[in-house]
Amino acid sequence: MSNPDPNKTAAMPAMPGFDPNRTIVTPIAPGSLTGTGSTDPNRTVAMTAAVIPAGISAEITSSRDATMANGPAREQFLLEIHGHSGDPGLPGISENAPRTPLNLCLVLDRSGSMEGAPLEYAKAACNYVIDFLGPNDVLSIVTFEEYVQVLMPPQRMTNREAVKAGVRGLTVGNTTNLYEAISSGISQIMSAADPTRATRIVVLSDGDPTAGIKDFHSLVNLAGEAKQKGVTMTFLGFGPDYNEELLAAMAKKCGGNYAYIPRPELIPEVFRLEVDKLLGVIAMNVKLDLKLARWVQLKAATGLAQPPSGNEFQIQLADLERGELIQTVFDLEFTNHPLGHYRVMSGRLSYQDVGTGSMITTDLDFVMEFTADAARYGVPPNAKVRQVANVATASKVMEKTMMGLRTGQFSTTQALDELQKTQALLLTDGRIQEAQEVTLAMRALQTGDSGTAQKTLMGTVVNLDQGKSKPNP
């Protein structure tokens, strides 16, 4: 007898030692998109399949084994995408570790406010990159003030001294034309596009846009357009005067990184850390295309600014590095769902495998059992799912705290109290780096430096919104 509802599934068989809340997406041969041992595309089994040439796997964990049928219910699903580390050594340093080739563009602010030590340290950072890159890497350099200059179009590092001579000759100019500079950087990257290279634009700026197109939405949309072209950007804000809201919004829009550099002597080190991260990129243009089943509504999801208006939506994720984890929480509401096992959301994970240059896709199923047994749907939610969901909302709390400080709705004491709670949550989750950033922000607030506090917290907000972390050992 045929199944009239394509989302209704067969009950999963009991397996000794198996966690019914957890679905592991396991590797199979490249090119396959179907579940192991299952010929019925509407039937979900405990173990489903994924293509993982880049060492990527995914796990889906539900907040409960079962939820209430025929009445209002709400559950969460945690999707974890792992970039497996392989060799334990550092990318590009360990003898056996794989090394991702780069297509890198540096976009450097040389407006008048960069005069002196900031520009000299920016030059030192460029020289570090020039010395580090190998013959299979491609580098381009764009500088900007009121006018934009392509100091070096995309090329491999065959004549380092000539490139360094060009960097040494850089001098400061006048105003800050950020929009045109980024547009030029995108053009340089696209002219050397290669799916087997990790692609990134690194933007260093110390001020607000003061020339060319300056409005917030146009600049953020430009970052979104870059992401659509497969280009990710990192934004490094230097000093006290740049617009952290703008740079952070652009970083989130294109799935890139953001960092605050308080002192000029730190510029080379931040560049070094960014290049080290790029060397471990194994998947680019990572995205989720998802579809809600009937009787299901999405209330919130990591990386999604607001719930979709229809039942289909897309979430663009950050590039995935070796040894990294991306966690996305979906908050689903079921108004009046019938009894049985049902697929409540289906989706497809796709990404560009840097090792092969090919686009990989794999199907994902989110399944829930609906029951009338109160003893089953009344159990406490999965502790891990709840913890990750709480961490995901921490970025919203920090943004609210920063807004409260700017508008005077929060006193310093109130802000410190909220940040202390967030710090404790991050420590509980093992997110040491983010907890340290909150500590630095709290110290700045205690000395009356709210500007430094907000610029520091923005980095934490961007990271939490992307759901990125390094798994605990």
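**Notes on the predicted model**

1. The side chains of Arg-64 and Glu-75 are joined by a polar contact of 2.9 Å, a polar contact being a pair of N or O atoms within 3.5 Å, where within protein one atom must be able to donate a hydrogen and the other to accept it, and where residues adjacent in sequence count only if both atoms are side-chain atoms. The side chain of Arg-64 also reaches the backbone oxygen of Val-379, at 2.7 Å. Arg-64 sits in the loop between β4 (56-62) and β5 (66-68), and it is buried, with a relative accessible area of 17% (buried means under 20%, exposed over 50% and partly exposed in between, with a 1.4 Å probe and protein chains only).

2. As to the basis of these values, the model is predicted, local features need pLDDT of at least 70, side-chain atom pairs count only at pLDDT 80 or more, and totals for chains, interfaces and linings use all residues. Residues are numbered from 1 along each chain as its sequence is written, and side-chain values use heavy atoms, with hydrogens and water left out.

3. Helices (H or I, at least four residues) and strands (E, at least two) are DSSP runs, numbered from the N terminus. Helix α3 (residues 178-191) has 14 residues and should span 20 Å at 1.5 Å a residue, which agrees with its end C-alpha atoms being 20 Å apart; the expected span is 1.5 Å times one less than the number of residues. The buried residues of α3 include Leu-178, Tyr-179, Ile-182 and Ile-189.

4. The structure holds two cavities of 30 Å³ or more, a cavity being a set of points on a 1 Å grid over the protein atoms alone where a 1.4 Å probe fits but cannot get out, with lining residues having an atom within 4 Å of a point. The largest cavity has a volume of about 70 Å³, where volume is the space filled by probe spheres set on the points, which are joined across faces, edges and corners. Among the residues that line it are Thr-302, Gln-327 and Arg-431, and α8 gives the largest share, three residues.

5. The second largest pocket (a pocket is an open set with protein on both sides within 12 Å along at least five of seven lines) holds about 1,300 Å³ of space. Of its 43 lining residues, Gly-303, Leu-304, Ala-305, Lys-396 and Asp-465 lie nearest its centre. The largest share of this lining, nine residues, comes from α8.
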